[in-house]
Amino acid sequence: MPNNILRLRPPLAAFICALAFTSMLAAARAAQAQDAAAATPRAAETIALMRADLVAKRYVAVIERGNALLSSPRPLSRDEQMELWQVLAAAYYPPEVAAQRPDSAMLPLDALVRLAPDVKLPQSFSWPGLDSLLERSRSRVFAVVTRPVSEYAVSTTEPAYLTVVATRPARFRLTTISLASGVATVQDSTDARRDVMLRIRAHDGVRTLISPGRHELRVWAEDVSTGDTTVLVHHFTASGGAPPAIAAVPAFVPPTTSTVSTARRGAIVLGGLAFAGATVAIANGARAEGALRREYRADTRALIVGAAMVGAAVTGIFMERGRSRPADEETVRRARAEYDARVTAAEAAARTRLARYRVTLRIDPMEDR
Amino acid sequence: MTALRSSMPPAAVLLAVALLGAGASTTSLRAQTMEPRGPVLAVLAHQARVRSALGDLVPPERSVPQLGLEVSAPTFWRPLRVTGRLLRSTRGADDLHSLDAGVLLSVRFISLEAAYASRRSYSPESGLAHGRTAEFARAGFRARAGVGSSGFIMHLRGNAYVPTQRAAVAEDEIEGWDAESGLTYVPRSLPVTATLGYRLERFRIFGVEQEVSALTFALGVALLGR
């Protein structure tokens, strides 16, 4: 046993050393990151300082702080980005003519309309010159954004609506694609609009448009002035009850009656007798003359076949379906009323099933394409 | 031979009967229902009675069971079908057998038939097969008629035989004939057929007059349905 411990000692020491080294390295990295974060002011604070500088008309300071914030490693939220671009644009294009740098102001404004195509500048920054610059930016950048909520409850009668906004008038089309079956359904489309609410339905009354499962939602937008297109893609999970199966109601078939005429019955009997007669005639009348006829009698087995033919003809009379012709008016009217009642009941059942069908759509975080 | 000719059935009479029967029964049937669309393959069983005579010498009647196949297949032209029938005695290869192969031209419920036929006859002295085969050209008609909508079909056939071996026969041009009638059941939902029929065949081979009378049973399958 002591020998074994001695044998294990060197690897154990190496393992302990490696563990200690790794822990030290991790601690050093964490401390370094903590120092960097502490050195970088929070984005909200910086933006607040930028606002104060803007009010004090210290435009150069605003721009310097903004550039520093943009180059910092800390990620900015969407709201922070929007505020930053607005303040920067106002600093680059203030009412004071001497401080105006319109070309530089276009960059934050372009970034701003990409984030929110329908953005309006806050009262504190807004002045006619900057507003017209914002409109110019809107007119030169084609950007589209969707604004989904995280969850929709969709029923047959209550569709969900997805807000879509563009910088310029565009044609929109919303398509859902089942990831399980690959079936694509065009849910809604519009003519040239700048902002729309596109409808998402779970059932159109005849077929199920969204079944429980994973789906892709695509918003296709085409700029009507340039023909540029863009597609925004979301993924969502639909959960809920099984889609209702709507039974198809068969078409109304007017009732008919069939009658077998006496002439038809007669023809069948005559045909049977003719063939049976021919069979007997073959066996008796068509035999060889001379010695063979003298020596042997006719084959009576032909009678079996002849009798079978007569039997088939009699069976044929009873099995004959005859010609069908439209039933009388009263029968048709009664059948029509029964059919209408069946259709009404089927429609009511379908409506009930449809009304019960609800799905919940949970939208994943947005991905743009 | 004169006797043979004088008793020649009455092919015209049979044809008239067939036309009458078929015409009466098929007034409401379409032409397409008369012949199946696809090939038809049937297994045949004949219970034949063979009677032969050489002058006044008449050996005892022989009863010969036969088994065989019958085939009918469509061609590129709808009214034209090829047909074939092979029947062999179950008592050995040297016994009664027959082979037919030909074409069938159908117009509604009537068909015209032209075929090659080979037959083996019996010796009236020994009552056994001659061991020689005679070949004929055969021409005739077939008529079919459906029995209303019951699934039954009645049919009638009549054929005249012309020898292809002129040296072996006497001066007569027509050496024999056959007639056959039958009742076939074709179920509406199944592509099978079942037939009960009667056949009489008589001809002269090598001076021997022979009469074969048979009750026939057949089970078939219509490969593409009716």
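Analyst: In this predicted model, the buried residues of helix 6 of chain A are A:Leu130, A:Leu134, A:Ser137 and A:Arg138. They lie on the same side of helix 6 of chain A, because the arc that they cover around the axis is only 100°. On the other side of this helix, A:Pro128, A:Ser132 and A:Ser139 are exposed. The buried residues of helix 6 are covered by elements of chain A that include helix 4, helix 5 (102-115) and strand 3 (160-178). As to its length, helix 6 comprises residues 128-140, 13 residues in total. Its first and last C-alpha atoms are 19 Å apart, close to the 18 Å expected at 1.5 Å a residue.

At least three residues of the core come from each of two domains of chain A, domain 2 (43-140) and domain 3 (144-246 + 359-368). In soluble globular proteins, nonpolar side chains tend to be buried together. Leaving aside residues up to four places away in sequence, A:Val144 touches A:Pro117, A:Val164, A:Ala166, A:Ala170, A:Ala221, A:Thr230 and A:Leu232.

The buried residues of helix 7 are A:Arg264, A:Ala267, A:Ile268, A:Gly271, A:Gly272, A:Ala274, A:Phe275, A:Ala276, A:Ala278, A:Thr279, A:Ile282 and A:Ala283.

Beyond residues up to four places away in sequence, A:Arg65 touches A:Thr46, A:Leu49, A:Met50 and A:Asp53. A:Leu49 is 16 residues from A:Arg65 along the chain, yet their C-alpha atoms are separated by 8.3 Å.

The loop between helix 2 (43-55) and helix 3 of chain A holds A:Lys57. Phi of A:Lys57 is near 60°, a positive value in a residue other than glycine. Most residues other than glycine have a negative phi. A:Lys57 is partly exposed, because 13 other C-beta atoms lie within 10 Å. In chain B, B:Arg108 has a phi near 55°, likewise a positive value in a residue other than glycine. B:Arg108 is in the loop between strand 4 (97-107) and strand 5 (110-122) of chain B and is partly exposed, with 17 other C-beta atoms within 10 Å.

The wider setting is as follows. Chain A has 10 helices and 11 strands, and 26% of its 369 residues count as buried. Of the contacts in chain A with a separation of 6 or more, 71% are between residues 24 or more positions apart. Chain B has two helices and 10 strands, in the order α-α-β-β-β-β-β-β-β-β-β-β from the N terminus on. In chain B, 41% of the 226 residues count as buried, and residues 24 or more positions apart account for 57% of the contacts with a separation of 6 or more.

Where the chains meet, the contact takes 35 residues from chain A and 42 residues from chain B. On the side of chain B that touches chain A, the elements giving two or more residues include helix 1 (2-6), helix 2 (11-25), strand 1 (40-53) and strand 7 (152-163). Helix 2 of chain B provides the largest share of that side, eight residues. The residues of this side divide into 23 nonpolar, 12 polar and seven charged.

How values were computed: Residues numbered from 1 in each chain as written. Chains lettered and ligands numbered in written order. Predicted model: local features only at pLDDT ≥ 70, side-chain atom pairs only at ≥ 80, totals over all residues. Domains from an automatic or database assignment. Contact = placed C-beta atoms within 7 Å. Helix = DSSP H or I, 4+ residues; strand = E, 2+ residues; numbered from the N terminus. Nonpolar A, V, L, I, M, F, W, Y, C, P; charged D, E, K, R; others polar. Buried ≥ 20, exposed ≤ 12 C-beta atoms within 10 Å, placed from the backbone. Expected span 1.5 Å × (residues − 1). Arc of directions from axis to C-beta.
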